[in-house]
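Try each task before you read its solution.

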Amino acid sequence: MNMVTQEYLRELLRRYMEGEGTQEELKLLKGYFNSASDLPVDLVPYAQMFAIIDEETTVPSVEALNRFSEKQAPAPRRHIPLWPLLAAACIAAFAFIILTPPKQKDDMAIAYVDGKMLNDKALAMQMGQEALQEIFSNGNEEQQLTDLFNAK
Amino acid sequence: MLFGIILYATAQEGLQINEAFEGKVIDKQCMQESLVKGENLKPYKLEMLHTIKFAAGSKDRAKLNALFTKDMEERISDDDSNMEYESRDGYIYYAIVQLTDNKKGRHRYICYQCKENSSHYDITLVYMEGTASLADLRKTFKKK
């Protein structure tokens, strides 16, 4: 500490008071004032000031402050492109429409006469019933005899 | 609608007479066809009824006879409760045949009728599916 000359000490104090001092210089000042025994009168208030500063919470280093500020800084926003998600949704919807088998109609009655489709429920039913009646009545002996008689 | 027709038309897929239903024996333009499915058939305990009716020459009649005879191999039994059949000179006159179920509890039937006319044969072919037994169908459709 004795190495620190009065002139250098005053220069450090000036820098500190003007906010130009470094952490190293502050450390040096604190060390000096903590150990100094015969201070010039004009430097006693500084000794008291550094004693108070020493009691307070340690001032975080510039590096620590920098690290802190880095952590506080908002993280750079990740740009997630939307188009792949939209494309995937479209493909899924398309696949669903294509792959889902069409629901079978529960009711249907269509008649075709001479190749023409007639969406006539009554006619379709009538044609179906007549065909079945004709076939199921074949067991009727009387009908069979009539048919045989009519055949060439 | 067209998609529906294709679906139902293939209901008797696997059977030889499907050829006739598809118009491969007699042109569809020359036949009368009915295709009914659903609620309309509920009173008859049927779910599907597909009929075709047309006039055929000797050659086509022989082909249809062969196709139907082949399908009869899938019949449940020769028992009266499962089949009605009559033939003359090797040709089927009429037949009602219950095939083996392809779905539990849903019976399948094929029916054939051939009426001889002076110049042609009037043929009727039926395919139907449902829970109705042959006895039920006889009761419903047989004329007294």
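**Exercise 1.** Describe the side of chain A that touches chain B: how many residues are in contact, which elements supply them, and of what classes are they?

*Solution.* Start with the count: in this predicted model, 31 residues of chain A are in contact with 33 residues of chain B. Next, look for the elements of chain A that each supply at least two residues to this side; these are strand 1 (108-113) and helix 6 (121-136). Helix 6 of chain A gives the most, with eleven residues. Finally, sort the residues of this side of chain A by class: 15 are nonpolar, eight are polar and eight are charged.

**Exercise 2.** Find the strand of chain B that is joined to strand 1 of chain A, and say whether the two run parallel or antiparallel.

*Solution.* The partner is strand 1 of chain B, residues 31-37. Six bridges join the two strands, and they run antiparallel. To get your bearings, locate A:Ala109, which stands opposite B:Val36.

**Exercise 3.** Work out how helix 1 and helix 2 of chain A pack.

*Solution.* Two packed helices are described by the angle between their axes and the distance between the axes. Helix 1 (residues 6-17) and helix 2 (residues 23-35) of chain A meet at about 125°, with axes 10 Å apart. Because of that angle, helix 1 of chain A is oblique to helix 2 of chain A. Their crossing is left-handed. Now pick out the residues that make the contact: helix 1 of chain A contributes, among them, A:Leu9 and A:Tyr16, while helix 2 of chain A contributes residues including A:Leu26 and A:Tyr32. By class, this contact has eight nonpolar, no polar and two charged residues.

Definitions and conventions: Residues numbered from 1 in each chain as written. Chains lettered and ligands numbered in written order. Predicted model: local features only at pLDDT ≥ 70, side-chain atom pairs only at ≥ 80, totals over all residues. Contact = placed C-beta atoms within 7 Å. Helix = DSSP H or I, 4+ residues; strand = E, 2+ residues; numbered from the N terminus. Nonpolar A, V, L, I, M, F, W, Y, C, P; charged D, E, K, R; others polar. Pairing = 2+ DSSP bridges. Axes fitted to C-alpha atoms, helices over the stretch in contact; angles between N-to-C directions. Parallel < 35°, antiparallel > 145°, perpendicular 65-115°, else oblique. Left-handed = near helix turned anticlockwise from the far one by under 90°.
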